[in-house]
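Thanks for coming, everyone. Let me show you what I have been looking at, and then walk you through a few parts of it.

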Amino acid sequence: MSFIPPDFAPASSEIFMLIMVCVVMLADLTIGKSKRYVAYLLTQITLLGCAVLTFKSFSDEAVLTFSGMFVDDSLADILKLMTYGTVSAVLIYSYTYISERDMLRGEFFSLVLFATLGMMVMISASHFLTLYIGLEILSLSLYALVALRRDSTEATEAAMKFFVLGALASGFLLYGMSMVYGATGSLQITEVAKAIQDGVNAKQVLVVGLVFIVAGISFKLSAAPFHMWAPDVYQGAPTAVTLFIGSAPKFAAFGFVMRLLVEGLGNMSSDWQGILVILAVMSMAIGNIAAIAQTNIKRMLAYSTISHMGFLLLGFISADANGYSSSLFYVIAYVLMTLGTFAMIMLLCRSGFEAENISDFKGLSKRNPWYAFITLLLMFSLAGIPPMIGFYAKLAVLQAVVNAGYVWLAVAAVLFSLIGAFYYLRIIKFMYFDEPETNEPISPNNDVKILLSANGFAILILGIFPQALMGISLYAIQNSM
Amino acid sequence: MSFDFPLLSLIIWLPIVFGVAVFATGHDRNAQLARYISLAGSILGFLVALPLFVHFDAAASAMQFVEKHVWFERFNVNYHVGVDGISMPLILLNCFITPLVVIAGWEVIKERVSQYMGAFLIMSGIVNGVFASLDAMLFYVFWEASLIPMFLIIGIWGGPNRVYAAIKFFLYTLLGSLLMLIAFIYLYQKSGGSFSIQDYHQLAIPFTPQILIFIAFLLAFAVKVPMWPVHTWLPDAHVEAPTGGSVVLAAILLKLGGYGFLRFSLPIVPDASHYLADMMIVLSLIAVVYIGLVAIMQVDMKKLIAYSSVAHMGFVTLGFFLFDAYGVEGAMVQMVSHGFISGAMFLCVGVLYDRLHSRQIADYGGVVNKMPAFAAFFMLFAMANAGLPGTSGFVGEFMVIMGTMKVSFWYAFLAALTLILGAAYTLWMYKRVVFGQITNAAVEELNDISKREFVLLAILAMMVLWLGVYPYPLTDVMHTTIDQLLIHVNNSKL
C-alpha cells in the first residue's frame with residue numbers, strides 16, 4: 001500500500017501561518033530590544049501573506065482534503081479574510097498600548113498568530129477532531145495572552161478563571177462529540193449529517209450529545225447561562241488582549257456553530273432550536289440588565305457582548321439560509337463596533353493610566369470632538385439606532401425570527417435592546433453632557449488616527465449602504481449549504 | 001403630473017449637507033461663520049421647498065414628486081419618496097420653522113455654536129425625510145435618526161436637569177418605535193416581501209393581527225404626539241431644552257406622531273382603528289380636559305405651554321378618530337397652526353428667559369411697562385393659543401368640534417371645554433407675567449425686543465393671522481387626499 005500525500009493546497013494559508021509563527025518567534029530571539037517593531041511588521045506581513053493565499057484559493061466549490069478532515073469553501077474563505085483584517089486592525093490599535101506597558105515582545109505576536117491559526121483551523125474544519133484541535137489552539141493561546149502581564153493579580157485571576165471554565169467547556173464539547181460518534185459512527189461532519197438523515201437507532205444518545213455540544217458552544221460564545229467567565233476576563237485582561245478576545249474569535253465562533261450545528265447536526269434543528277431560544281432570551285436578559293449596573297467599561301462591554309451573542313443566536317433559530325446569513329451579518333457588524341469601541345478605550349489610556357471606568361469618557365467632546373463623534377456613532381450603532389450598521393444587523397436578525405414564526409421572541413428582543421440602549425446612552429451622556437476631568441490631549445499615531453476614523457465611518461457608511469455586506473453574507477452561507 | 005427634477009431629495013438632503021458643512025467649521029472661533037452658513041442653509045432649504053407648494057396638484061389623489069430607487073435589494077427596501085396633501089404642508093411647516101430656529105439661537109447660543117446649528121439643520125432634513133418616505137424602512141430610519149440630534153440638543157444645551165430629560169425623551173420614544181419596527185417586519189412577511197407603505201394600504205389583514213399592529217403603531221405614535229398617559233416626557237424635555245429645541249420639539253416633532261396616525265394606523269389597519277376609535281377618543285378627551293386642568297396649575301411658563309401642547313394635540317388625535325372629513329381636516333389644520341402658535345409661545349418665553357434666566361411665572365409681573373412691543377406679540381399668540389376667532393388656533397379647533405358634534409353631543413361638549421380651559425391657563429399666565437405693577441427689580445431692567453426678535457415674532461404673527469382669516473390654501477391642498485383617505489378607511493379590510 002503506497003502512501004498518497006494529501007492535497008496541501010487548500011490548507012496553504014494555514015501552513016504559511018504556522019511557518020511564519022515560528023519565524024516570528026525565532027526572529028524575536030535574535031533582535032534587540034530596540035528593534036521590537038520588526039516582530040510587529042513580520043506579523044502584519046504574515047497576515048497579508050495569508051490573505052493573499054486565501055484569496056488565491058477562493059472558489060465557490062468546497063474542496064475537501066486530509067481525508068475529509070479539512071474543507072476550503074467560500075464560507076471558510078470569507079470568514080478567514082475577515083479574521084485577518086480584524087487581527088491586523090487589533091495589532092494596529094494596540095501597538096502604542098502594548099509598547100507603553102512593556103508587552104511589545106515576540107510572545108505577544110506569536111501568541112496572537114497562534115490564536116489566529118486556531119481560528120483558521122476551526123473555520124475550515126469538516127471533522128469534529130479538527131474542530132476541537134482548532135478550538136484548543138485558539139483557547140490555549142488566549143489563556144496565555146490574558147496572563148501575559150504576570151505581575152498583575154487581576155490578569156492572573158482572570159486567566160485562571162478563563163482556563164478552568166474553558167477547560168470544562170472543552171470537556172463538555174468532547175463528551176458531546178463522543179456521544180454523537182457513538183450514535184452515528186462517524187466524526188466526519190458530512191457523514192454525521194448523512195447518518196442522521198438516514199435515521200439512527202439511538203436517538204436519545206444523539207440528543208444528549210447535542211445538549212452537551214450546545215453547552216460547550218455557549219461557553220465559547222459566552223452566552224448565558226455559561227457567560228460567567230466573560231466579565232472577569234474582559235476586565236482583568238490587558239485592554240489590547242480584551243480587544244483581541246472580543247473581536248476576531250467571534251468569526252471563528254460563528255464558523256464553529258455553522259460547522260457543528262448546521263452542517264453536522266442540521267437535521268436535528270427541531271431539537272436545538274428550542275435550546276437556542278432559551279439561551280438567546282437568557283443572554284439578552286442577563287447581558288442587558290447586568291450591564292446597567294457596571295461602572296467599569298470593560299465589564300460593561302462584556303455584558304453587552306453577552307447580550308449581542310443572544311441576538312446572534314436568534315438568527316440561527318430560523319434554521320435557514322436567510323437566518324444564518326443574518327447572523328453572519330450581525331457578527332461582522334458586531335466585530336466592527338467592538339474594534340472601534342476598544343480602540344477608543346485604549347486611546348484614552350496613557351502610560352501609567354488605565355482607562356477603566358465609564359467616567360473616563362467624561363467631557364470627551366470637549367477634549368476631542370472628532371473622537372467623541374466616532375464614539376457617538378459606535379454607541380448608537382451598538383444600541384441599534386439607524387442609520388448605523390448595528391440597526392441593520394438587528395433588522396436582519398429580527399426579520400429572520402419573525403419569518404420563523406416567533407413574533408413574541410422578536411418583541412422580547414426589542415424590549416431587551418431598549419434596556420440596552422440605556423447604558424450606551426450613558427456613555428454618550430458622559431462624553432457630551434459632562435465636563436472633562438482632565439485636559440490631557442489625545443494624540444494617537446497616524447495609522448491609528450486613520451484606521452479609527454475609517455472604522456467609525458464604516459459604521460455609518462455601511463449603515464447607509466448595507467447591500468454589499470448583506471450580499472457577501474448571503475453568498476457565503478448559500479455556497480456552503 | 002410628471003416632475004423629473006428630484007425635488008424631494010433636494011429638500012431632504014440640502015439641509016443635511018449644510019449641516020455637515022456647519023459641523024466642519026468646528027471650533028467656536030468660527031462661530032460667526034457657522035451662524036451664517038446655517039442661516040443660508042435653512043433659508044435655501046425653505047426656498048427649495050416652495051416649488052412643492054406651487055407645483056402641487058391639489059386635485060390629484062396619488063402621490064406626487066415621486067422618486068424611487070433601489071436602496072438595498074436583500075430586503076427589497078427602496079429609496080421611495082413622494083408627497084400628498086397630508087405630508088406636503090408638514091414639510092413646508094418644517095422648512096419654514098428651521099430658519100426661525102437658527103435666528104432664535106443667533107446670539108443666545110455661545111458655546112459649541114457649530115454643533116448646535118448643525119444639529120438643527122440635520123434634523124430638519126431628517127424630518128423632511130420622515131414626511132416624504134413611502135417606504136416603511138426608509139421611514140423608520142429617518143424616524144429613529146431624528147432622535148439623535150434632539151437627544152444631543154436637549155442634553156448639551158439644556159437646563160439643569162437636562163440629562164434626565166434627554167434620556168427620558170430618548171428611551172420613551174425608542175420604546176414605541178421598536179414595536180413599530182416589529183409591526184413593519186410582520187407586514188413585510190405578510191405582504192410577501194415588501195416594505196412599500198402603499199402596498200400595506202392595500203394589504204388584507206385579519207382582525208386580531210390588525211389589533212396588535214394598531215397597538216404597536218399606537219405606542220410609537222402616541223408617545224410622539226404625545227397622548228395621555230404617555231405624555232410625561234414632554235414637559236421634562238420642554239423645560240430643559242434650549243428655546244430652539246423647544247420650538248422644534250413642539251412645532252415639528254410632535255407632528256410626526258400625528259402624521260404617523262394618518263399614514264399608517266388609519267389606512268393600514270382600518271378595522272382596528274374603527275374598533276378602537278372610542279378608546280382613542282376618550283384618551284384624546286382626557287388629554288384635552290385633564291391636561292388642560294393640569295396646565296392651569298403650572299408655575300413654570302415652559303411647563304405650562306408644554307401641557308397646553310399636549311391638550312392641543314389631543315384635538316388632533318380626536319379629529320383623526322372621528323372618521324369624518326371635518327374632523328380629519330380640522331386636525332390637520334390644528335397641527336399646522338399648533339406648529340406656529342406653540343413655536344411662537346416658546347419663542348416668547350425664550351425672549352423673557354434670555355433676559356432674566358428664569359421661567360417661573362412668579363419672577364415676572366408688569367413686563368408690559370418695560371416691553372410694550374413684546375407684550376403685544378405675546379398677547380396675540382396667547383389669544384391664538386386660547387383659540388380666539390381670527391387666529392389659526394380657532395380654525396382647527398372649530399372644525400374638530402363640528403366633526404365631533406356629528407358623532408356625539410357629549411364628546412363635543414367635552415372637547416369644547418378646551419376653549420374655556422385654554423383661555424384660563426393661557427390668559428391667566430399672561431396676566432401674571434405681563435400685566436400688573438412691576439414687582440421686582442430685575443423686571444425694571446428689561447429692554448424691549450431687539451430687531452432680530454421682532455422679525456421672528458412678526459413672521460409668526462403674520463402666519464397665525466393669515467391662517468386664521470384665510471385657511472383656504474391649506475385646506476385646499478389636503479382636501480382631495482383626505483377624502484380619498486376616508487373612503488379607504490371606511491372600507492373594511494377583513
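Start with a pair of helices in chain B. On the α7(B) side of the contact sit B:Tyr172, B:Thr173, B:Leu175, B:Gly176, B:Ser177, B:Leu179, B:Met180, B:Ile182, B:Ala183 and B:Tyr186. They meet B:Ile213, B:Ala216, B:Phe217, B:Leu219, B:Ala220, B:Ala222, B:Val223 and B:Lys224 in α9(B). Sort that contact by class and you get 14 nonpolar, three polar and one charged residues. Keep in mind that this is a predicted model.

How do the two helices pack? α7(B) and α9(B), residues 207–224, pack at an angle of about 150°, and their axes are 8 Å apart. That angle is over 145 degrees, so α7(B) counts as roughly antiparallel to α9(B). The crossing is left-handed.

Now stay with α7(B), but turn to the other chain. Chain B puts 27 residues in contact with 24 residues of chain A. Which helices of chain B supply at least two residues each to that side? They are α5 (136–145), α6 (147–157) and α7 (162–190). α7(B) gives the most, with 15 residues. By class, this side of chain B has 21 nonpolar, two polar and four charged residues.

Helix α14(B) covers residues 301–320, and α18(B) covers 392–407. Their axes come within 10 Å and cross at roughly 40°. That makes α14(B) oblique to α18(B). This crossing, too, is left-handed. From α14(B), the contact uses B:Phe315, B:Leu318 and B:Gly319. From α18(B), it uses B:Gly396, B:Glu397, B:Val400, B:Gly403 and B:Thr404. The classes here are three nonpolar, four polar and one charged.

Is α14(A) largely enclosed or largely open? Of its 28 residues, 26 are buried, so α14(A) is largely enclosed by the rest of the structure.

One last residue. B:Lys451 is found in helix α21 of chain B, residues 451–469. Is B:Lys451 buried or exposed? It has 7 other C-beta atoms within 10 Å, and 12 or fewer counts as exposed, so B:Lys451 is exposed.

Definitions and conventions
Residues numbered from 1 in each chain as written. Chains lettered and ligands numbered in written order. Predicted model: local features only at pLDDT ≥ 70, side-chain atom pairs only at ≥ 80, totals over all residues. Contact = placed C-beta atoms within 7 Å. Helix = DSSP H or I, 4+ residues; strand = E, 2+ residues; numbered from the N terminus. Nonpolar A, V, L, I, M, F, W, Y, C, P; charged D, E, K, R; others polar. Axes fitted to C-alpha atoms, helices over the stretch in contact; angles between N-to-C directions. Parallel < 35°, antiparallel > 145°, perpendicular 65-115°, else oblique. Left-handed = near helix turned anticlockwise from the far one by under 90°. Buried ≥ 20, exposed ≤ 12 C-beta atoms within 10 Å, placed from the backbone.
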